[in-house]
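Welcome! Please take a moment to look over the sequence and the 3D view before reading on.

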Amino acid sequence: NLLQSLTKNKGIKLKNINFVKKLLTMPKIHLETTINADIQTIFDLSRNIDFHQESTAKTNEKAIAGKTSGLIELGETVTWRAKHLGFYQTLKTKIIEMESPKMFTDVMIQGTFKSMKHQHIFEEKDGKTLMIDIFEFESPFGILGKIFSQIFLKNYLKRFLLERNRMLKEIAESSLNNQF
């Protein structure tokens, strides 16, 4: 075990072990958003390509290949082009799981991450919908990528998802959801 080796051979103090453990784990973002709308509306809005492009206008995100409009379905792919951290990047994702209207999962099949998985889970409670995002990713470039992910990228992506969820909630709770 790498941690045991470091503590024995390098004399790393116990208080630093938690930092090393955090550094070596894959970053995970867990968000919960309660929305005053029915579960089917939230499920459909969450997989709507047109809404996604609208909600990510700040990064100029555009669907450029695969499914480029409407509702993405199980087995379909979409290639996104967006400006993140000052650079245009492309990311191709595929819907690998879907159980309407309870959940769907998309994974990166091509892009700048080493790996990426985004689970979208929906639960109906008292006429409202609890939307749960579980976003896991791994950066390339070994230990340098892990450091960058934990110190900066995780917070950047969390803010990105929170903004998208804020817009989704706003649209779903208003009459504007009819435009998507």
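This is a predicted model: local features need pLDDT of at least 70, side-chain atom pairs count only at pLDDT 80 or more; totals for chains, interfaces and linings use all residues.

Residues are numbered from 1 along each chain as its sequence is written, and side-chain values use heavy atoms, leaving out hydrogens and water.

**Overall layout**

The protein has 5 helices and 7 strands; these are DSSP runs numbered from the N terminus, with helices (H or I) of at least four residues and strands (E) of at least two. Starting at the N terminus, the order is α-α-β-α-α-β-β-β-β-β-β-α. Of the 180 residues, 41% are buried, where buried means under 20% relative accessible area, exposed over 50%, and partly exposed in between (1.4 Å probe, protein chains only). The exposed surface comes to about 10,300 Å², with 53% of it supplied by carbon and sulfur atoms; the areas come from the Shrake-Rupley method with a 1.4 Å probe.

**The sheet**

The 7 strands make an open antiparallel sheet, in the order S1-S7-S6-S5-S4-S3-S2. Two strands pair if DSSP finds at least two bridges between them. At the edges are S1 (28-35) and S2, each pairing on one side only. On average, neighbouring strands are turned by 25° against each other, direction ignored.

Val78 stands opposite Thr93 in S4.

**Helices on the sheet**

Helix H3 lies across S1, S4, S5, S6 and S7, and runs at about 165° to S6. Helix H5 also packs on the sheet, touching S1, S3, S6 and S7, and its direction makes about 15° with that of S1. Such angles run from 0 to 180 degrees between N-to-C directions, with axes fitted to C-alpha atoms, for helices over the stretch in contact.

**The cores**

In soluble globular proteins, nonpolar side chains tend to be buried together. A nonpolar core is a set of buried Ala, Val, Leu, Ile, Met, Phe, Trp, Tyr and Cys residues joined through side-chain atoms within 4.5 Å. The largest one here has 20 residues, and Ile35, Ile42, Phe122 and Leu168 touch the most other members. H3 (39-46), H4 (49-55), S3 (77-84) and H5 (142-172) each give two or more residues to this core. Apart from it lies another core of 12 residues, including Ile29, Phe113, Met116 and Leu161.

Beyond residues up to four places away in sequence, Phe122 has contacts (heavy atoms within 4.5 Å) that include Ile39, Phe43, Pro101, Phe104 and Met131.

**A closer look at Thr59**

Is Thr59 buried or exposed? Thr59 counts as buried because its relative accessible area is 9%. Thr59 sits in the loop between H4 and S2 (62-66). Leaving aside neighbours within four places in sequence, Thr59 is in contact with Ala82, Lys83, His84, Tyr156 and Phe160. A polar atom of the Thr59 side chain also lies 3.0 Å from the backbone oxygen of Thr56.

How values were computed: A polar contact is a pair of N or O atoms within 3.5 Å; within protein, one must be able to donate a hydrogen and the other to accept it, and residues adjacent in sequence count only if both atoms are side-chain atoms.
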